[in-house]
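Colleague: Could we go through this model together? I have some questions about its packing.

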Amino acid sequence: MKVYFDNAATTAMDDRVIESMLPFMRSHYGNPSSVHSHGREVRSAIEKSRKKVAELLNASPSEIFFTSGGTEADNTALVCGIESHGITHAITSPIEHHAVLHTLEVLAKKGVVKLSLLDVNDKGEIELSQLEELLETNPKTLVSLMHANNEIGNLNDLERIGGLTKEYGAFFHSDTVQTVGHFVHDLKNLPVDAIVAGGHKFHGPKGSGFLFVRKDKKIHPFIHGGAQERNMRGGTENVIGIIGIAKALELAYEDMAGHRTQIERIKKHFIEKLYQEIPGVEFNGLSEDLANSLYTVLNVSLPPSDSNRGMLLFNLDLEGISASGGSACSSGATVGSHVLRALNHNPERDSVRFSFSRFNTVEEVDFAVGKLKELYTVEA
């Protein structure tokens, strides 16, 4: 048996998404910038996809820009948001995805902005009073705080954060890569200026993404070259990716509540089985808290064990179980998780992130926990 529990890294494509993309690989191959019929039919399909994404998110089509994924969308929002609005100060947290953290660190190193990092406690929670203090004393600020952490699953309250940023006139960007397609986003009423998405996080194609920028917070383009995406992103559009991400988002919204119920049942069962089978098991961040964490992520901290230390993911892989030790975007790196370091995680304990999708089953949970129990030896 092989089990895939690394859905926060990437998800399996839905067959219906693949079917929607196939015509644009085979017969609808025109360049959408061309004025002939082959180009026009593809241009029409792109704009229908844009309209569909906008409808699902309660946004305007003019606020949606297709990108190569979440990382490009984050970089565009941050770099161009800062440049376009004369921002001199940025606020983020030390547990953001590196697409945000590294981008802001580079801008700070170049002297473009002063960078402030919010404190996080051992559960990965931020203190909004500190955010407000920084907003009070720093005009022309950009705030970038993710909706859900990709490693520990903590959820930030975008309504409260957005309310503060609006009060102090700050630009508010949120990395929503882990929550678009899993939570409803009502962008006409949610107080954010920019959010992002990556299609492969909700059963769409890799290399597809989009950026939402509120129409009254317009920014300059990040990639220059052509007039594509209404002069916001040069380069011939990734047509099959655009078709695929729109279809994937449509399918996600068709039964989002049902998918959530199914996945929460799997996560709850996983927690219960781990408590039953692994003495001394703990959970990082708020990932065990079903009410305050991303329902697709569970970050498990295991008791010290010489026989598994540093080898747990490898051993799980040998048993047919795919999981992650942290962010998949830095897989193969020798450094540990920056998120767990910020939480003062005990380095003697191995941690593993299990992440779920609607394609997982309770039987797969039982198999994984059984193998984990076989592998894991708690040292005296």
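Colleague: To begin, where is the place of Val180?

Modeller: Val180 sits in the loop between strand 6 (171-174) and strand 7 (194-198). Helices (H or I, at least four residues) and strands (E, at least two) are DSSP runs, numbered from the N terminus. Please note that this is a predicted model, in which local features need pLDDT of at least 70 and side-chain atom pairs count only at pLDDT 80 or more, while totals for chains, interfaces and linings use all residues. Residues are numbered from 1 along each chain as its sequence is written, and side-chain values use heavy atoms, with hydrogens and water left out.

Colleague: Is Val180 buried or exposed?

Modeller: Val180 is buried, because its relative accessible area is 1%; buried means under 20%, exposed over 50%, and partly exposed in between (1.4 Å probe, protein chains only).

Colleague: Which residues does Val180 touch?

Modeller: Leaving aside residues up to four places away in sequence, Val180 touches His185, Ile195, Val196, Ala197, Phe202, Phe210 and Leu249. Contact here means heavy atoms within 4.5 Å. The C-alpha atoms of Val180 and Ile195 are separated by 9.1 Å, and these residues lie 15 apart along the chain.

Colleague: Turning to helices, how do helix 3 and helix 9 cross?

Modeller: The axes of helix 3 (residues 37-57) and helix 9 (residues 239-254) come within 9 Å and cross at roughly 30 degrees. Helix 3 is therefore roughly parallel to helix 9. Axes are lines fitted to C-alpha atoms, for helices over the stretch in contact, and angles run from 0 to 180 degrees between N-to-C directions. Angles under 35 degrees count as roughly parallel, over 145 as roughly antiparallel, 65 to 115 as roughly perpendicular and the rest as oblique.

Colleague: Which residues of helix 3 and helix 9 meet?

Modeller: Val42, Ala45, Ile46, Ser49, Lys52, Val53, Leu56 and Leu57 in helix 3 meet Val239, Ile242, Ile243, Ala246, Leu249, Glu250 and Tyr253 in helix 9. By class, this contact has 12 nonpolar, 1 polar and 2 charged residues. Ala, Val, Leu, Ile, Met, Phe, Trp, Tyr, Cys and Pro count as nonpolar, Asp, Glu, Lys and Arg as charged, and the others, Gly among them, as polar.

Colleague: And at what angle do helix 10 and helix 13 pack?

Modeller: Helix 10 (residues 256-277) and helix 13 (residues 362-375) pack at about 25 degrees, with their axes 10 Å apart. Helix 10 is therefore roughly parallel to helix 13. Among the residues in contact are Phe270 and Leu274 of helix 10, and Val365 and Val369 of helix 13. The classes come to 8 nonpolar, 1 polar and 5 charged residues.

Colleague: Which aromatic cluster includes Phe270?

Modeller: Phe5, Phe270, Phe354 and Phe356 form one aromatic cluster. Rings of Phe, Tyr and Trp (its six-membered ring) pair if their centres lie within 6.5 Å; planes under 30 degrees apart count as stacked, over 60 as edge-to-face and the rest as tilted. The count comes to 7 aromatic pairs. One of these pairs, Phe5 with Phe356, is edge-to-face, at 5.4 Å centre to centre and 80 degrees between the planes. Both Phe5 and Phe356 are buried. Phe270 and Phe356 form a tilted pair, at 5.7 Å and 45 degrees.

Colleague: Where do Phe270 and Phe356 lie?

Modeller: Phe270 is in helix 10 and Phe356 is in the loop between strand 12 and helix 13, 86 residues apart. Phe270 is buried, with a relative accessible area of 0%.
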